[in-house]
Amino acid sequence: MPRANRHPNSLLNKYSLRGFVELENRDIVFDVGARTGTYTFFASAKVDTIVAIEPEPANLEILEYNAVEQSNIQVCPYAAWNDNEQINLNVTASRSGHSVLDVDLRHRGGIVDKIKVPARRIDTI
């Protein structure tokens, strides 16, 4: 089986472990840094509402496309932050390593760009 096909299954197995994440119907889940939505879609099958927060434009486009028929997913094109403002997002060569923090991202191919993205406090979304 190709690696790309194993990844979602391994995540679903991880998130299904008893005591790790136990979701109930009426839970509201915030998936901060949702990327393309792997956890978002896992959780959406179990809860009434999921808020998927993703600021990186390419990931956001895929997330929005994937969520178009999911009425319980709210996609938010922001970074989660401590204020409502524009901030820098460190973009890496890997689709999975972007960060608003100034951290060592060499393991994700290093920072290849910095882009301005809108940020919101979670309590204002």
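## Close-up views of a predicted model

**View 1. Glutamate 54, a buried residue without a salt bridge.** Glutamate 54 is buried yet forms no salt bridge, and the nearest side chain of opposite charge, arginine 35, is 6.4 Å away. Buried here means under 20% relative accessible area, with exposed over 50% and partly exposed in between, using a 1.4 Å probe and protein chains only. A salt bridge would need a side-chain nitrogen of Lys or Arg within 4 Å of a carboxyl oxygen of Asp or Glu. For charge, Lys and Arg count as positive and Asp and Glu as negative, while His and the chain ends are not counted. This is a predicted model, in which local features need pLDDT of at least 70 and side-chain atom pairs count only at pLDDT 80 or more, while totals for chains, interfaces and linings use all residues. Residues are numbered from 1 along each chain as its sequence is written, and side-chain values use heavy atoms, leaving out hydrogens and water.

**View 2. The surroundings of glutamate 54.** Look for glutamate 54 in the loop between E2 and H3. Helices (H or I, at least four residues) and strands (E, at least two) are DSSP runs, numbered from the N terminus. A polar atom of the glutamate 54 side chain lies 3.0 Å from the backbone nitrogen of glutamate 56, and one lies 3.4 Å from the backbone nitrogen of alanine 34. Leaving aside neighbours within four places in sequence, glutamate 54 is in contact with residues including Gly33, Arg35, Leu60 and Tyr78; contact means heavy atoms within 4.5 Å.

View 3. Three strands form an open sheet in the order E1-E2-E3, with parallel pairing. Its edge strands, E1 (28–32) and E3 (73–76), each pair on one side only. Neighbouring strands of this sheet are turned by 15° against each other on average, direction ignored. Helix H3 (residues 57–67) packs on the sheet, touching E2 and E3, and its direction makes about 160° with that of E3. Axes are lines fitted to C-alpha atoms, for helices over the stretch in contact, and angles run from 0 to 180 degrees between N-to-C directions. Strand E2 (residues 49–53) pairs with E3 over four bridges, and isoleucine 50 stands opposite isoleucine 73 in E3. Two strands pair if DSSP finds at least two bridges between them.

View 4. Two bridges join E4 to the parallel strand E6 (residues 111–120): alanine 79 stands opposite alanine 119, and alanine 80 opposite arginine 120. E5 and E6 pair in the antiparallel sense over eight bridges, with threonine 92 having isoleucine 111 as its bridge partner in E6.

**View 5. Isoleucine 115 in strand E6.** Isoleucine 115 has its place in strand E6. Not counting residues up to four places away in sequence, isoleucine 115 touches Pro57, Ile87, Asn88, Leu89 and Val91. Glutamine 86 is 29 residues away from isoleucine 115 in sequence, and 9.7 Å away in space, C-alpha to C-alpha.

**View 6. The whole chain.** The chain has three helices and six strands, and along the sequence they follow the pattern α-β-α-β-α-β-β-β-β. Of its 125 residues, 31% count as buried.

Note on methods: A polar contact is a pair of N or O atoms within 3.5 Å; within protein, one must be able to donate a hydrogen and the other to accept it, and residues adjacent in sequence count only if both atoms are side-chain atoms.
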